[in-house]
Amino acid sequence: MITRRSLIAGGVSLAAFGALTRPAAARRRPLTDPFRLGVASGEPTPGGVVLWTRLAVDPLAADGLGGMPDRAVPVEWQVAADEGFRRVVRHGVEIARPESAHSVHVELDGLDPGAEYFYRFRTGTEISPAGRTVTAPAPGARTRDLRLSFTSCADYQAGWFTAFRRMAEDEPDLIAFLGDYIYEYGDYKYPVRDQAGGECLDLAGYRLRHAQHKADPELQLAHAIAPWAVVWDDHDIENAWAGDVPEQPDPPFLQRRAAAFQAYYENMPLRRAQRPSGPDMRLYRTLRWGAVANLHMLDTRQYRDLYACTGRSGTVGADCAERFAPNRTILGAEQEAWLDGELRESAATWDLLGQQVFLMEMDWTNGAGKGYSNEGWDGYVASRNRLTAALDTYKRNGVVLTGDVHSHWAGEVKRDFQDPESEPVAVELVTTSVTSAGNGLDEYPNTGILLQENPHVKFFNGRRGYVRARISQKEMRVDFRSLPRVTEPYAAAYTSGSFVIEPGAPRLNPV
Ligand SMILES: [Fe+2]
């Protein structure tokens, strides 16, 4: 049987596109191998999805434009019900323009809900690799479980993207990426892999960094196997940015943020609703998976108040009254109101919150005394309390999906961490990184102390990897997947922890 595994093996048969329109571009000098950045899909709806590609004949061209000519290029696309493209159900042409770095976003609807499709692109005589995608089930549909994998933090210089290959091999329905898809950093002294271009400061720099990532074969596999839902964290723009406030004064931050947002939009399978307007980009939104789950993708960076206690980020050990100031917010008033509305109206079994930073309380100080990270929700306690109150009031089964910290964690989110009697109202699953922080260890010398002093935290693993979940109306099964190393490619993944969560009981049950 031919299965979608042939996508992973790279053996998809590329039958001719057939008698589609012959684009004018074909009469010009042909582009050689313009699909070096692969293909992607994202943002599934019932019967809809976004298809993405970006043309580049020289992905590492210093101007970030992929060696493409300064002209519009027509790109044909096909969607088929079968991997061999014998049953093409939709086709069309989209124009790849130089002002969008020759990226293509095709927004489809009217396909079957809860169905698998295959897609590919052509320009001239060049045909792209094929991708597999999945549409969301019909509203309220009880039939299809959601197989969701998620990860974060893919620092190119820190190692090989093996985690993306292992995610692809699981053939999930949906991949959520929780931020730090790129790192804006300049060159490391001892990188595992060399990056091109130095620190990202302008549009050319961000475009080039994204192109280098998209040219990676492991990342291409993960994009080609399933639709993605993405949110950024800090490094997609600049380390530790908070709202309009940068870490470094130069270049002018809103200018830099606009460049980073533009490149992010161009390189992700996002909808036009997410297209940036200068330094503003509405990234928060909900994806719906029938009666099973709503996935609320949040943005804890663009609208947050500045860091409590110190004004600077990453101050592990911070503690001061400002953390509790009732007007402080990590989501911003508008997004908070929107999320409250989404939770109030939700009728799905699970409400998944895809977001960036630790939501549950975490005392990082070993032994006597307490210290919190002012970058996570511990620096915005009132914001957290409003969210946990909403989950409680609306009787939602909340599962928080988190990235940022480059290690696996799982814990229970209490209704009010200041109240020792408080019951959990949600579970938090924190994924480790793809590469950031290097090989890591399963446990560190202080792991036992951290778990002991934070009894609501139930699990830690300090390797690289991803999390995979199988979500039905009956239960959610979760495997934390870990890799022994990322300093060399092709490490085998292993399961470092498994849990079951049941609706109505926000607890982690070890398997
Ligand atoms: Fe990161």
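The structure is a predicted model, in which local features need pLDDT of at least 70, side-chain atom pairs count only at pLDDT 80 or more, and totals for chains, interfaces and linings use all residues. Residues are numbered from 1 along each chain as its sequence is written, and side-chain values use heavy atoms, with hydrogens and water left out.

Let me begin with Thr 349. Thr 349 sits in the loop between α6 (333-345) and β15 (350-354); helices (H or I, at least four residues) and strands (E, at least two) are DSSP runs numbered from the N terminus. Is Thr 349 buried or exposed? Its relative accessibility is 13%, so Thr 349 counts as buried, the term for under 20% relative accessible area with a 1.4 Å probe and protein chains only. Setting aside residues up to four places away in sequence, Thr 349 touches Ala 291, Val 292, Asn 397, Gln 473 and Pro 503, where contact means heavy atoms within 4.5 Å.

I turn now to the cavity. Its lining includes Arg 288, Trp 289, Asn 294 and Leu 352; lining residues have an atom within 4 Å of a point on a 1 Å grid over the protein atoms alone, and a cavity is a set of points where a 1.4 Å probe fits but cannot get out. Both β12 (285-289) and β13 (293-297) supply at least two residues each to the lining of the largest cavity.

Finally, the UniProt record, an unreviewed entry, lists residues 37-135 as "domain: Phospholipase D N-terminal". Over residues 37-135, the chain is 0% helix and 52% strand, with the end C-alpha atoms 23 Å apart.

Key
Buried < 20%, exposed > 50% of the residue type's maximum accessible area, 1.4 Å probe, protein only. 1 Å grid on protein atoms, 1.4 Å probe; cavity = no way out; pocket = protein on both sides within 12 Å on 5 of 7 lines; lining within 4 Å. UniProt positions renumbered as here; feature names shortened; annotations may be inferred.
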